[in-house]
Amino acid sequence: MRVLVVIAAVGLLALGGGASAATPNAADLESELVCPVCETTLDQSNAPIAQRMKAFIRARIAAGDSEQEIKDALVAQFGPEVLAKPPAGGFGLLAWLLPLAALGGGAVAVAVLIRKWSRRRPPSEPEEESLDPQIERLVDDELARFDA
Amino acid sequence: MASRTRLVAQGVAIGLVALLFVLLAWSLLHDKGGDLAKRANRGDRPSAPDFTLERLDEHRQLTLSSLRGKAVVLNVWASWCIPCKDEAPYLEQLWRSQRGRGLVVLGLDAKDFRADARRFAGRYDLTFPLVYDGPGNTIGDYGVTGFPETFVLDRDGRVVQAFAGAVNGEDERVRLRSAIESAVSS
């Protein structure tokens with residue numbers, strides 16, 4: 001039963017993804033594309049070229065283009081710099097992998113340091129010095145005399 | 001052992017800082033376009049960065065250095081740029097009147113839709129050569145920060161004068177004509 005629920009959920013998610021790919025949302029695209037003049041995302045820009053790009057996106061959506069087709073058309077005009085997120089392939093893959101590698105390296109360094117510090121022995125407490133038996137006897141005698 | 005690890009860590013840290021300084025120095029030294037206009041307007045005549053771009057109106061390429069031997073008015077424009085609309089007819093007039101003297105007006109359309117640029121060229125009846133640089137990779141070498149900008153190159157491909165903004169006022173046009181005279185007679 002649980003398996004069926006999981007399969008149904010995955011199916012629904014897949015359908016949802018398919019629907020969004022078929023009918024791209026202009027607002028989503030505007031947040032994923034960069035104005036080549038002001039270098040902010042289109043939704044943050046009112047530059048003339050950004051307005052022209054927004055009109056282009058709406059026209060292509062109305063013409064039935066997919067999100068990827070619209071992005072490809074804009075990359076063909078303005079280059080890959082027009083994408084807010086670098087492509088997850090080729091040289092763009094480095095932009096995704098380097099922060100992960102830095103994060104992993106940092107985590108390993110912290111783990112090594114913690115391990116190293118926890119292995120350090122605590123400073124040994126000074127041992128109680130035992131008194132010389134003769135002195136101890138004298139002290140005992142004095143204490144006995146004091147008690148008396 | 002612990003002191004050796006510490007030494008290695010310190011070495012790595014110093015190395016990283018040194019690498020950052022090297023990168024900073026490299027980026028400063030390779031900022032070719034940043035002072036091109038300043039150097040030109042000081043009279044230094046720096047070499048214009050070469051480029052090869054596709055023609056806007058045909059599937060052929062044009063290399064700037066292939067125009068050596070001619071004076072060049074290189075105009076960086078875009079169809080969405082409002083001052084470019086006022087400037088375009090004047091540049092066309094310059095091209096028609098001065099081409100016989102060895103002057104080429106070359107339009108470099110950047111950060112623009114190719115179709116929009118073609119419509120712009122048709123609307124203003126531009127007949128001088130136009131090249132297209134959609135991503136605008138070329139204009140960084142010229143230090144272009146706004147549209148339009150114009151560079152006058154002499155027959156050896158050196159920048160005689162640079163104009164930031166449209167050459168629409170009478171003062172700018174007098175300066176442009178004077179720079180063209182200097183470039184053509186070089």
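This is a predicted model: local features need pLDDT of at least 70, side-chain atom pairs count only at pLDDT 80 or more; totals for chains, interfaces and linings use all residues.
**Where the chains meet**

On one side of the contact sit nine residues of chain A, and on the other sit eight residues of chain B. Two helices of chain A, α3 (48–62) and α4 (67–78), each bring at least two residues to the side that touches chain B. The top contributor there is α3(A), with three residues. As for the make-up of the side of chain A that touches chain B, five residues are nonpolar, two are polar and two are charged.

**How chain B is divided**

Chain B is assigned two domains, and their C-alpha centres are 44 Å apart.

| Domain of chain B | Residues |
|---|---|
| domain 1 | 1–30 |
| domain 2 | 32–184 |

**The sheet in chain B**

Now for the strands. Chain B has an open, seven-stranded sheet with mixed pairing, and its strands run in the order β2-β1-β5-β4-β3-β6-β7. From one strand to the next, the twist averages 30°.

Take a look at the β7(B) end: β6 (residues 149–153) of chain B pairs with β7(B) in the antiparallel sense, over five bridges. Within that pairing, E149(B) has A164(B) of β7(B) as its bridge partner.

What packs on the sheet? Helix α3 (residues 82–98) of chain B does, touching β3 (71–77) and β4 (103–110) of chain B. The direction of α3(B) makes about 150° with that of β4(B).

How values were computed:
Residues are numbered from 1 along each chain as its sequence is written. Chains are lettered from A and ligands numbered from 1 in the order in which they are written. Two residues are in contact if their C-beta atoms, placed from the backbone, lie within 7 Å. Helices (H or I, at least four residues) and strands (E, at least two) are DSSP runs, numbered from the N terminus. Ala, Val, Leu, Ile, Met, Phe, Trp, Tyr, Cys and Pro count as nonpolar, Asp, Glu, Lys and Arg as charged, and the others, Gly among them, as polar. Domain bounds come from an automatic or database domain assignment. Two strands pair if DSSP finds at least two bridges between them. Axes are lines fitted to C-alpha atoms, for helices over the stretch in contact, and angles run from 0 to 180 degrees between N-to-C directions.
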